[in-house]
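I opened this notebook to record what I looked up in one protein model. The entries follow the order in which I checked each point.

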Amino acid sequence: MDIDGNLLGDVGGVILADMMSNLTELSVAECGLGSLGLQAICLRASQDVPLKSLDLSRNEIRDDGCEAISHLLRTTGTLKTLRLVSCQLSNIGTPSHYFLT
């Protein structure tokens, strides 16, 4: 499902998370997601969703959203591609930092 560029915001991210049960690909680049919408999507994706590709690029995830991404990376066995281009992450906030600690 590609919904790039649609202004979902956090509320839309939470609603989208409820509808993700059979998705294998999700692209929500530049959708105005913040950490709340991101957390909902990552939590749902870690629960029996066969998601293989997730593009979160150009959303204001920032460092506080990385814990949710880290949880997703630790708990999913299906995700093969994760895109985080221009998400305002520092080196400390990158998912690998949380994943390795």
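**Entry 1. The sheet**

Which residue of strand 2 is the bridge partner of Leu-26? I looked this up first, bearing in mind that the model is predicted. The partner of Leu-26 in strand 2 is Leu-54. I then checked the pairing around these two residues. Strand 1 and strand 2 (residues 53-55) run parallel and are joined by 3 bridges. The open sheet consists of 3 strands in the order 1-2-3, with parallel pairing. Strand 1 (25-27) and strand 3 (81-83) each have a single partner strand and stand at the edges, so one side of each has no neighbour in the sheet. On average, neighbouring strands of this sheet are turned by 5° against each other, with direction ignored.

**Entry 2. The overall layout**

I next listed the elements. The protein has 4 helices and 3 strands, and along the sequence they follow the pattern α-β-α-β-α-β-α. Of the 101 residues in the protein, 43% are buried. I also looked up the contacts between residues at least 6 apart in sequence, and 76% of them join residues at least 24 apart. For the surface, I noted that the protein exposes about 5,500 Å², of which carbon and sulfur atoms supply 52%.

**Entry 3. The nonpolar core**

How many residues does the largest nonpolar core have? I found 24 residues in this core, and those with the most contacts inside it are Met-20, Leu-26, Val-28, Ile-41, Leu-51, Leu-54 and Leu-56. Two or more residues of this core come from each of helix 1 (9-18), helix 2 (35-45) and helix 3 (66-75). Helix 2 gives the largest share, 5 residues.

I looked up Ile-41 in particular. Leaving out residues up to four places away in sequence, Ile-41 touches Gly-13, Leu-16, Ala-17, Met-20, Leu-26, Leu-33 and Leu-54. Both Leu-26 and Leu-54, the bridge partners of my opening entry, are on that list.

**Entry 4. Two leucines in loops**

Where is Leu-56 found? I located Leu-56 in the loop between strand 2 and helix 3. Its relative accessible area is 0%, so Leu-56 counts as buried. Leu-56 touches Val-28, Leu-33, Leu-38, Ile-61, Ile-69, Leu-82, Arg-83, Leu-84 and Cys-87, with residues up to four places away in sequence not counted. I also noted the C-alpha atoms of Leu-56 and Ser-27, which are 6.6 Å from each other, although the two residues are 29 residues apart along the chain.

Leu-33 is in the loop between strand 1 and helix 2. Is Leu-33 buried or exposed? With 2% relative accessibility, Leu-33 counts as buried. I found that Leu-33 touches Gly-9, Asp-10, Gly-13, Val-28, Ile-41, Leu-56, Asn-59, Glu-60 and Ile-61, again not counting residues up to four places away in sequence. The C-alpha atoms of Leu-33 and Gly-13 are separated by 6.6 Å, and these residues lie 20 residues apart along the chain.

**Entry 5. Positive phi values**

I looked for residues other than glycine with a positive phi. Glu-30 is one of them, with a phi of about 55°. Glu-30 lies in the loop between strand 1 and helix 2, and I recorded Glu-30 as partly exposed, with a relative accessible area of 47%. Asp-48 is not a glycine and also has a positive phi, near 55°. Its place is in the loop between helix 2 and strand 2. Asp-48 is exposed, with a relative accessible area of 78%.

**Entry 6. The cysteines**

How many disulfides does the structure hold? I found 0 disulfides in the structure. Cys-66 is in no disulfide, and the nearest cysteine sulfur, that of Cys-87, is 8.4 Å away. Cys-66 is buried, with a relative accessible area of 0%. I also checked Cys-31, which counts as buried at 0% relative accessibility.

Terms used: Residues are numbered from 1 along each chain as its sequence is written. This is a predicted model: local features need pLDDT of at least 70, side-chain atom pairs count only at pLDDT 80 or more; totals for chains, interfaces and linings use all residues. Side-chain values use heavy atoms; hydrogens and water are left out. A nonpolar core is a set of buried Ala, Val, Leu, Ile, Met, Phe, Trp, Tyr and Cys residues joined through side-chain atoms within 4.5 Å. Buried means under 20% relative accessible area, exposed over 50%, partly exposed in between (1.4 Å probe, protein chains only). Contact means heavy atoms within 4.5 Å. Two strands pair if DSSP finds at least two bridges between them. Axes are lines fitted to C-alpha atoms, for helices over the stretch in contact, and angles run from 0 to 180 degrees between N-to-C directions. Accessible areas come from the Shrake-Rupley method with a 1.4 Å probe; for residues, only the protein chains shown count as cover. A disulfide is a pair of cysteine sulfur atoms within 2.5 Å.
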